[in-house]
Amino acid sequence: MKPDWRSHLPRLEDLAREHGLSWSPVIFEAVPDSFMTEIAVYGLPVRMPHWSFGARYIYQLLQRHMGYSRLFEVVFPGNPGRAYVASSNGLADNVLVAAHVLGHADFSKNNLLFRRSQEQVSEHIIEHAASHARQIERDIEAHGFNAVERVLDAALSLEQYIDIDCGLRREPYPEYEPPPPPVSDDAFRSRFATLDGDDKAAPQSRRIRAPLPPHPEKDLLWFIAMYASDMESWERDIFLAVRAESFYFYPVYATQTMNEGWASYWHARLLREADFIAQDTYLDAIKCHSDVVRPVAAEEQIALAVNPYHLGFTLWEEIIKEGGIDAARQIVREDDDFSFLRNHLTRERAAEMGLFRYQKQANGPVKVLSEDIDELREAILKDKYNFGAPRVSVAEVRSNGTLVLEHHSDIDKRGLDTDCAKKVLEYVAHVWRRPVVLKTIDAASKTVEVSTTPAA
Amino acid sequence: MNPDPPGNEPYGTPYAAAQAVNDWYELFSRGSRDWLRHSEKIREAVRDHLPQIVSGSDIISDDGARTVRVPVRMLEHYRFRLRTDSEPQGVGQGAAKPGDLLGPANAGSKPGGKGAGGTERGSAELLLEFKVNDIIEWMWDELKLPNLQPRVGQSEEADWKREGWDRRGARSRLDRRRSLKESVKRRALESSAPSFIDEDLRFRQLTRRRQPALRAAVFFLLDVSASMTDADRQLAKTFFFWVAAGLRREYRSLDIVFVAHTTDAWEFGESDFFKVAGSGGTVASAGLRKVTEIMQERFDPATCNVYLFYASDGDNAMDDREPARAALESIAKAARYSGYVEITSGLRSTQSETARLFDELGVHGSAVGRCSIKDPNDVIAAVRHFFTLESQSAATGAAPGSEP
């Protein structure tokens, strides 16, 4: 039998500790490729059933089959963390993966965004997701498959619409407008109060009912679960379950470049320094590493996408070379991809990596645009806000119960695909039980309304 | 330095437990389960688009084809999405200077730029295979021969029905649930009894029962004259194909007679009928007379429900008007229903020769009806039109020979 990669693990861990990495314990589990694909598609090893996952699953299987991509590992942060590794990985793959996982585990333990999310969602997301899935199975038994599926259609289509800043647990809005701030008690006021006058009838402060929502609400899942008047409680629970999982996904999504770069940096460094690994294993592993972090496919000169592994890896190497490991650790703690790229993707580094902006011309070639580091950074980041979803929020609830959603086309610079939006509104109207309206703009930047009423 | 549990001890157990690849992963696949649900939803969606499938005319050309292949897009779970940008911007990497024009945009299929939510549209197409029988089943849920009536005479037949249980029988008729029940009962009485003995076994029994049969003969009359283009003929044949397949499924003792006519008329076997082509003028009365002839010879309207479905483009020779009217009248009187399918793939707004004949008969209270097919999407509507109107024409009381 081949020497098992696990035998290297204790020494890799010692090495990592010497470099100051710290992590919660990680449970490794080897699983078949098909299960790896499922984890990648569902985002969690056990998750609620929905047909859209099935479609993505087959699509991914096809992609895998055609050799487009391969999954080595998936890590779930938590305490303990869990790492799933493909049972088809070779020895060198797994040594690399183990070192890579240590990097991820260090990142998710120390990064504030991860810490905050784990405080809110819990450090046991896998168990929570499994219990959501089990609850939904029970709902299916109680209410029928189709009823549950329609709620999931709605909840999962709004999966990206949470408000990370307001947190997972939120109080409902105050029912009334806050009272006006007390009048300050200065010399003039106190003298004024002593004056004669029929001011016995001090202005009776009537409480004013606050509009709903009091401000545009980004957290659509929360808002619907809280304020849909005729929703069943099990339907609300499904919305809140999907929402909790989104809160868990957020840091994974918002630190992808940093996180993958950090893990790649550490697998490269640990392997380089691990003298206990046989030379041929090291060479195989390092070859695998360079496949992962290469910017451009082997047979091509130019890629029209940025490989986040490469971008993150390169930036971390530079940062640690220039500022040392402690500066890097502070960045790990405090940044997410937005601040990371804005602070550390300098013009020189971008030029060295050969990053460029381009524009696909209608039915024509791709044109490389002018160099501008600010625009380049924003171009990389533009699909990362809000899970890359267009910005839509609740504008108002009309007196007849109509839910009015508004698309912030001023930020997105483009309107929504109205056919698609209509379908989403149909999902939503089913749980809202009343008409749903969406405002966006058309190709000529004129405001258009898409609306739907729930089917009887 | 290391705030984690000291040493490697805590890791020891999980690693050991994880040594063996868990076998259950191979047994249950969430992905496949949800994929099955996706396929089911596609099937439901396809049911709603039955007309397009039904019009897939290559179904009928191949006698052995028992399945239809339909290309479908994967179902999309909709999310809010921006309108497609005709000139999208992006970020790339490599040796390129501002102002460079790179070759035509082929989407960078690097694994890097993928959104975690799977926001990009999967554009895979699937080829779904449907059993013709399934499609017929969907179509035929509610379709019936109009005005069908039990006819006495040689219209009773004996049939095998399931009835009762016995201790002996063919192995294929073993009723496992009942056998298990017997075994449970027996073991409740004795202690330490063997789990199954021969006496426990129960077999379903069959017995012959006489049932009133609904005897019916359906005539398909097709105009194959030169004025019917290939496309027209194909439409008519598609219509006939689905009607025949559906009727066969619904009624076991059903005779279908295939007749084609130009200025003359011939009876065909089923497979030949679906291949028949012709040329020459149109004399509807020739076809109608042929139908009458066969009817009198083989299907006595007194003991048999007779139906006529005639497909034509409606052009009939001018001098044939009276003979055609007479022939049709005599058929309409005897038949339980006569339907006319007008193939109008060309533009035509006025009432055609043949349509007028049918309309006149309808006015005089005969059980006739007509429907037109313009393009393949109309085929299913035409089938529905004729085979769901039972109550409607019963309401008019127009069925010939129907005693109050």
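Residues are numbered from 1 along each chain as its sequence is written, while chains are lettered from A and ligands numbered from 1 in the order in which they are written. Helices (H or I, at least four residues) and strands (E, at least two) are DSSP runs, numbered from the N terminus.

**Confidence**

- The model scores ipTM 0.87 and pTM 0.72.
- Chain B averages a pLDDT of 74, and 70% of its residues score at least 70.
- Residues 1-21 of chain B have a pLDDT below 50, and this stretch has 24 contacts in the model beyond near neighbours in sequence; two residues are in contact if their C-beta atoms, placed from the backbone, lie within 7 Å.
- Residues 105-122 of chain B also stay under 50 in pLDDT, and for them the model has 38 contacts beyond four places in sequence.
- Where pLDDT is low, the predicted coordinates should not be read in detail.

**Interface between chains A and B**

- In chain B, 67 residues are in contact with 89 residues of chain A.
- On the side of chain B that touches chain A, two or more residues come from each of α1, α2 (24-27), α3 (30-48), β2 (89-94) and β3 (101-104) of chain B.
- The most is given by α3(B), with nine residues.
- By class, this side of chain B has 29 nonpolar, 23 polar and 15 charged residues; Ala, Val, Leu, Ile, Met, Phe, Trp, Tyr, Cys and Pro count as nonpolar, Asp, Glu, Lys and Arg as charged, and the others, Gly among them, as polar.
- Strand β5 (residues 355-360) of chain A pairs with β2(B) in the antiparallel sense over five bridges, where pairing requires that DSSP finds at least two bridges between the strands.
- B:Q89 in β2(B) is the bridge partner of A:Q359.

**Sheet and hairpin in chain B**

- Six strands of chain B form an open sheet with mixed pairing, in the order β9-β8-β7-β10-β11-β12.
- The edge strands, each pairing on one side only, are β9 (265-268) and β12 (368-373) of chain B.
- Neighbouring strands of this sheet are turned by 20 degrees against each other on average, direction ignored.
- Strand β8 (residues 254-261) of chain B pairs with β9(B) in the antiparallel sense over four bridges, and the two form a hairpin with three residues between them.
- Within this pairing, B:A260 stands opposite B:W266, and B:V259 stands opposite B:E267.
- Helix α13 (residues 379-387) of chain B lies across β11 (337-343) and β12 of chain B, running at about 170 degrees to β12(B); axes are lines fitted to C-alpha atoms, for helices over the stretch in contact, and angles run from 0 to 180 degrees between N-to-C directions.

- Chain A is divided into domain 1 (5-111 + 255-381) and domain 2 (387-452), with bounds that come from an automatic or database domain assignment.
- The centres of these two domains of chain A, taken over C-alpha atoms, are separated by 36 Å.
- Helix α7 (residues 145-157) of chain A packs against helix α10 (residues 233-254) of chain A at an angle of about 35 degrees, with the axes 9 Å apart.
- The contact involves A:V151, A:L152, A:A155 and A:L156 of α7(A), and A:E235, A:I238, A:F239 and A:V242 of α10(A).
- The residues of this contact comprise seven nonpolar, no polar and one charged.

**Backbone features of chain A**

- The peptide bond from A:N79 to A:P80 is cis, with omega near 0 degrees, and A:P80 is placed in the loop between β2 (73-76) and β3 (81-86) of chain A.
- Another cis peptide bond joins A:L212 and A:P213, with omega about -15 degrees; A:P213 is found in the loop between α8 (187-194) and α9 (220-227) of chain A.
- A:S122 is not a glycine, yet has a positive phi of about 110 degrees; A:S122 lies in the loop between α5 (112-121) and α6 (125-143) of chain A.

Technical notes: Predicted model: local features only at pLDDT ≥ 70, side-chain atom pairs only at ≥ 80, totals over all residues. pLDDT = per-residue confidence, 0-100.
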